[in-house]
Amino acid sequence: MKANQLQVKQIRLNIGGVSILNDVSFSLSEGDRVGLVGPNGAGKTSVINCITQFEKRYQGEVTFSNKLLNKENPQDLPKYKIIRTFQNLGLFNELTVLENFYIAAHQSFESKLKNVFKLEKEVKQEALTLLEHESINLHDIVSDLSYGQQKIVEFLCALIQRPSVLILDEPAAGLNDFEKNRMIEMILKKQQELNFSLLVVEHDVNFVSTLCQNVVVLQSGELLCSGSPEEVFKRKEVIQAWIGESNV
Amino acid sequence: MSVKRQIISWICLLGLGLLASFFLPPYFRYLLGLMAVYSLASIGMNFLTGYTEQISLGNAAFFGIGAYVFAVLQSLQINSVISIIAGAVLSGIIAFIVGFLTIRVKDIYLAVGTLILPLLLLQVTKGMDITGGTGGLSVFPLVEQENGSSLEVAIIIVITSIIGFVSSLIANSFIGRAFHATRLSEHGAVARGIHVVKYKVVAFVLSAILTSISGSLYGVVVGYITPELFQVMISVNFLIMAIVGGRGSITGSLLGSAFVVMIPALFNVIGLAQWQQLGLGIGMGVTLLLFPSGLVGILSLLVKRRRVAINESKPVASETN
Amino acid sequence: MLQLILDGLIYGSIYALIGFAISTLFMTTGVVNFAIGETITFSMYVGIITMEWFHTSYLVTAIEIIVLTIIFTVLITRVLVIPLLKHGPIISTIGTASMYIIFPILTVGLSTQDHPFPKAPLPEMNLGIISSWDAVIFIFTVLIAFLLHYFVMKSSWGVGIRAIKSNQSHAMSIGISVGKIVMITAILSGLIGGITGLIAAPKLLLTHNLMGTPFMVALIGAVLGGLNNPKGIYFGCILLGVVQSVTGGLFGSISREIIPIVIVLIVLVMKPEGLFSSIQEKRV
């Protein structure tokens, strides 16, 4: 049994008297691939906003390697190597792909003031390697790329931050089947290479079943059940929750 | 832009400026000096408004502080370099305090909040003896020659080029990129571990320091300073330079300062001096409407053409959305 | 002391009027029309010149001035504000600054002199403590404040204005014509601007700098109270006017400038959205 790396304990979130999350707990061990699933409005994104401290109004505990994160600011999370992406793309559209990579590597720039130029070269080299099999040019403006390409760039930018926990918010949203499969392949490959644990928030059942070893199902802000995807997606209450809401 | 390209372009710029400073007739030499001086203020304003989208009407305050600190210290026989640095440090400290206090203030509220600073200093300089009251102070040249001599302008061009080069290094380094990031997507910046508040204050301080140096040198070029330096119009002029020149671009800042100096001068030369402001107003209106990203947009239009050409020759795998 | 406060109330009223002219367009676009003050001055000069040359009556001149101000404001909105708005309110605001530069030159082109501007032919009344024109200024401002408040808060157009203010694309999707509403606020802004000129000029003397300083003070006062609601602007500007007048009278002219500035600075630091603003700061 591997040690729990990221632990979420009894998170409650109330905003304006409306309960968004109620007693959500789960944990992530080293090398895990966990999917956080649920119908629209179940509070999936709220959970990761709480983990990454973008949402500070919650009660409960978020710990990383036994260190409490509640008091941290969201910009300090990358120091713990907890890296996230955004549902509606957290890229900087007006800048080039390379500049986006540089910004992603910002923390290392700040900590290694002496070797800024050397570091720039390294980041560029690494970005080139990451983009090896993509038809994306480093000097393309991000907004000129297709949506699928932008998703890939955002994922790769997250990798350059050297995550030990990577949180992906809807990596498959807006992609077609071909792109989804490529995305899965790419995530699996990079995870093996770089050995991080993965938390994926996703709507798409197939995507999660292929990618993740474990799933946590949320419904209306509450933890419905968790387990392996094959088992969980057969359960009656899960199917009901899905049919009730989803129109995919 | 790579460091090598920056060095080359700044050396070219410096060479051209030096050449011009020795061959141009006095009036144009004066304009050249003014342009060089304003370009620092323009870059300073761009760090605020262009890079981090904090709109400030208060930069005239730093301009005036630089000018006054320099003039007062000069009258006390203190070394020019030390005087310039003293002004810059004082401006930096004030900017740090103001930037920190107004960190929650945005847009027009920030503009008005910062507007207060020059208004305050306008009254203070008018009222104090050491600043020469409403009459202002004379400023003597950096070297033992008359104001506006070739050597004088050449020295100013060397100083501004060095500082301009340093600012362009900063703008193209991780600091400049962090500025861009905070403006384009605050969430995205935070997720990359960029401390948004810190960089907004850094932009404020950087802007103040550049504007202050610009103010010190302005006194040298023009030969005298008055409390009018704290007028709102000065800040508006800096804003025009940054926005009409090109937001978030050092090249744009330089173009902007040239624009604000040259258009009125052009009207002067053809004998329509009283209409020069009209020319400036119409010029900026038209420029903004045609090139919303500023004069630098004309340049990037050419670059983009080239970029598109490169892309078209390359196969694109997935074109779905 | 009472006289100082009354003076402050009158000046504050003028600031408030300019503040309303600024805020009407700001509400829908987020753009501060920097040119509004200079537009008013120019229209006033056109008015006074036609009055001197063609001996037009006060009423005709007044209508002319108001119509001119409306036309200029609408033109500025149409040509500069709306096209530049898609690049952000900052660019749009700087765009109006070009007119802020142009209009004074045009005014100088019309006339280089100061002119006394006549008061409206209203019956003079002996109100004792204040002149009857001061009373007109005060009453008119309160009236406009109320009308504007009701227009924004209660009328169906006001609903549109507030909808655009809170979410432009959403407002468009439920069928509010953004362009139309922006133009309505531009007309309103010009209308209030014209009235402001007519009311302020007899008191301040028609000079090229008629609206120079008042515009800046009004902007500060409006921000102090919160640019988004008429009530806030009114009280913000009145407060600033009174504080200016009282400190100026008690401690001399330099404090007249400095103390209000310090107050504003404190307020902005403590409450960035303005003293009387009810709108919550946007959460990130």
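Colleague: Leaving aside neighbours within four places in sequence, which residues is B:Ile55 in contact with?

Modeller: B:Ile55 is in contact with B:Thr49, B:Asp107, B:Leu110, B:Ala111 and C:Ile90, once neighbours within four places in sequence are left aside. Two residues are in contact if their C-beta atoms, placed from the backbone, lie within 7 Å. Please keep in mind that this is a predicted model, where local features need pLDDT of at least 70 and side-chain atom pairs count only at pLDDT 80 or more, while totals for chains, interfaces and linings use all residues. Residues are numbered from 1 along each chain as its sequence is written, and chains are lettered from A and ligands numbered from 1 in the order in which they are written.

Colleague: Why does B:Ile55 count as buried?

Modeller: A residue is buried if 20 or more other C-beta atoms lie within 10 Å of its own, exposed if 12 or fewer, and partly exposed in between. B:Ile55 has 23 C-beta neighbours inside 10 Å, so it counts as buried. B:Ile55 lies in the loop between α2 (26-51) and α3 (59-75) of chain B. Helices here are DSSP runs of H or I with at least four residues, strands are runs of E with at least two, and both are numbered from the N terminus.

Colleague: What makes A:Gln10 partly exposed?

Modeller: A:Gln10 has 13 other C-beta atoms within 10 Å, so it is partly exposed. A:Gln10 is in strand β1 of chain A, and its phi is near 45 degrees, a positive value in a residue other than glycine. As background, most residues other than glycine have a negative phi.

Colleague: Is A:Glu170 buried or exposed, and how do you know?

Modeller: With 21 other C-beta atoms within 10 Å, A:Glu170 is buried. A:Glu170 also has a positive phi, about 50 degrees, although it is not a glycine. Its place is the loop between β7 (165-169) and α6 (177-194) of chain A.

Colleague: What makes β1 and β2 of chain A a pair of strands?

Modeller: Two strands pair if DSSP finds at least two bridges between them. Eight bridges join β1 (residues 4-15) to β2 (residues 18-29) in chain A, and the two strands run antiparallel.

Colleague: Why is helix α2 of chain A called mostly covered?

Modeller: Seven of the eight residues of α2(A) (residues 97-104) are buried. Among them are A:Val97, A:Phe101 and A:Tyr102. The cover includes α3 (106-111), α4 (116-130) and α5 (147-160) of chain A together with α7 of chain B.

Colleague: Which chains touch, and which pair has the most contacts?

Modeller: Two pairs of chains touch, and the most contacts are between chains B and C. That contact takes 31 residues from chain C and 34 residues from chain B. On the side of chain C that touches chain B, α4(C) gives the most, with eleven residues. By class, this side has 27 nonpolar, three polar and one charged residues. Nonpolar means Ala, Val, Leu, Ile, Met, Phe, Trp, Tyr, Cys and Pro, charged means Asp, Glu, Lys and Arg, and the others, Gly among them, are polar. The contact between chains B and A takes 26 residues from chain B and 28 residues from chain A. The largest share of chain B's side there, six residues, comes from α7(B). Chains A and C do not touch, as their nearest C-alpha atoms are 9 Å apart.

Colleague: What makes a set of residues a nonpolar core?

Modeller: A nonpolar core is a set of buried Ala, Val, Leu, Ile, Met, Phe, Trp, Tyr and Cys residues joined through C-beta atoms within 7 Å. The largest one has 259 residues, and B:Ile156 and C:Leu17 touch the most other members. Helix α9 (residues 196-222) of chain B gives the most to this core, with 16 residues. Not counting residues up to four places away in sequence, C:Leu17 touches residues including C:Ile144, C:Ile192 and C:Ile195.
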